[in-house]
Amino acid sequence: MKTKSRLKGLLKFQEPTDLFFSLYLNTQWKDEQQRERVRIFTKNALHTINVAAYPPEVQESLRADIQRIETYVEALIKQTLQVELAGVALFASYARDLFQTYGSTVPFTNQCTLATHPYIAQLAAVGREYENALVIMVDTESARIFEMEWGEILSELDIESEVPGRHKQGGWSQMRFQRHIQDHMDRHHKEVAEQVIRRFDQGNYANVILYGQDRILASFRSFLPERIQERIIAKAALDITVPDTLVREKTLEILHQKKAQGEREAVTRLTETAQAHGLAVLGLLDTLEALNKRVVAQLLVSQNFSRWGWRCPSCTLLGEQIPLGCPLCGRELKTVDLKEEMVWETFRQDGEVEFISDPSLLAHKGVGAFLRFR
Ligand SMILES: [Zn+2]
């Protein structure tokens with residue numbers, strides 16, 4: 001859901017006459033060689049584009065894009081920009097007034113393409129892997145609430161509540177004291193729950209993660225409404241005083257596990273549904289046919305799927321074996337990266353995309369889809 005809304009700005013661009021640069025870089029500057037690799041990669045990629053082969057009106061736009069991409073990458077390498085990011089994605093089309101960059105806390109694989117729409121597979125895969133999460137650490141008198149998106153902590157709220165009469169416990173009966181502590185904890189948990197509810201409703205979080213002691217979490221949970229309880233994907237013991245970096249690390253690990261489990265379940269469900277001739281297809285040809293019929297609800301594609309095919313720039317038909325002309329409208333075809341086109345087409349049909357690292361899908365050429373109808 002969140003992935004799509006972040007990609008929405010890019011998904012509107014598709015015109016047979018326009019050209020878009022998509023550049024992905026691994027900007028983990030572990031060593032000086034990595035900067036040099038990025039510089040050389042970008043330079044080579046941009047210089048292999050034969051600008052003179054394009055119509056004069058397109059040439060101007062291409063030259064402008066090449067120039068500003070080079071300037072941007074140079075600044076990135078000199079570390080005057082976005083130093084903390086492990087990956088950067090850039091989309092540019094001078095003619096369409098587009099120049100947009102996205103930072104990522106996980107590295108991208110270097111990739112540079114010029115096509116009739118932005119190439120979004122890598123960006124979408126990172127977004128899917130690290131869906132947003134609302135993280136709550138809670139004990140009897142303090143709490144920390146983190147809002148995370150795309151693997152990054154966007155905000156942190158710390159709550160401390162005073163325990164009234166804590167030092168005046170002398171003379172209290174054991175029972176009265178226990179009651180007092182319980183009341184106080186409940187008030188604190190209610191206050192934390194209110195902050196959680198506000199954030200949850202604003203951010204539409206796919207995942208809620210709780211950190212704390214079992215007994216305390218059980219008590220805190222009772223203050224959360226059903227809609228939040230059902231999004232709790234994990235509870236774990238983590239000391240409330242640990243640094244942010246550790247909270248992030250632990251959370252990414254949990255999200256990764258959830259993703260891996262979800263993948264295996266999705267592939268099993270896809271295989272069973274397709275074999276029972278239900279609303280699912282397996283393999284490249286049937287998936288392309290479903291995309292051409294615009295009936296894909298969810299595409300499942302292997303992370304390492306790699307294959308060339310064709311696309312008609314006029315009627316947007318997609319195929320694998322390259323014919324002489326478009327079988328539908330007869331126009332000249334373009335050779336395309338099928339993974340990028342399938343991902344793009346699914347989003348354009350308002351479907352979801354699941355990127356599969358689990359090898360189970362490879363038995364079916366690494367691709368399949370759930371359908372809206374047949
Ligand atoms: Zn066509």
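Me: Why is the site of the zinc ion called tetrahedral?
Reply: Bear in mind that this is a predicted model. The zinc ion has four donor atoms, with angles of 99 to 122° among them.

Me: What makes C312, C315, C326 and C329 donors of the zinc ion?
Reply: Their SG atoms lie 2.3 Å from the zinc ion. The cut-off for a donor S atom here is within 2.8 Å of the metal, so they qualify. Along the sequence, the spacing reads C-x2-C-x10-C-x2-C.

Me: How do you know whether C326 is buried or exposed?
Reply: C326 has 4% relative accessibility. Buried means under 20%, so C326 counts as buried. C315 comes in at 28%, between the 20% and 50% cut-offs, so that one is partly exposed.

Me: Over to helix α8: why is E263 called buried?
Reply: E263, which lies in helix α8 (residues 244-275), has 4% relative accessibility; that is under 20%, so E263 counts as buried.

Me: What makes the pairing of the E263 side chain with the backbone nitrogen of S357 a polar contact?
Reply: The distance is 3.0 Å, and the limit is within 3.5 Å. The backbone nitrogen of D358 also lies 3.0 Å from a polar atom of the E263 side chain. Residues that E263 touches include F355 and I356.

Definitions and conventions: Residues are numbered from 1 along each chain as its sequence is written. This is a predicted model: local features need pLDDT of at least 70, side-chain atom pairs count only at pLDDT 80 or more; totals for chains, interfaces and linings use all residues. Side-chain values use heavy atoms; hydrogens and water are left out. Helices (H or I, at least four residues) and strands (E, at least two) are DSSP runs, numbered from the N terminus. Buried means under 20% relative accessible area, exposed over 50%, partly exposed in between (1.4 Å probe, protein chains only). A polar contact is a pair of N or O atoms within 3.5 Å; within protein, one must be able to donate a hydrogen and the other to accept it, and residues adjacent in sequence count only if both atoms are side-chain atoms. Contact means heavy atoms within 4.5 Å. Donors are N, O and S atoms within 2.8 Å of the metal (3.2 Å for Na, K and Ca); water is not among the atoms, so sites may look incomplete. Four donors count as tetrahedral if all angles lie between 85 and 135 degrees; four count as square planar and six as octahedral if opposite donors are over 155 degrees apart and all others between 65 and 115; anything else is irregular. Lists of a residue's contacts leave out its neighbours within four places in sequence.
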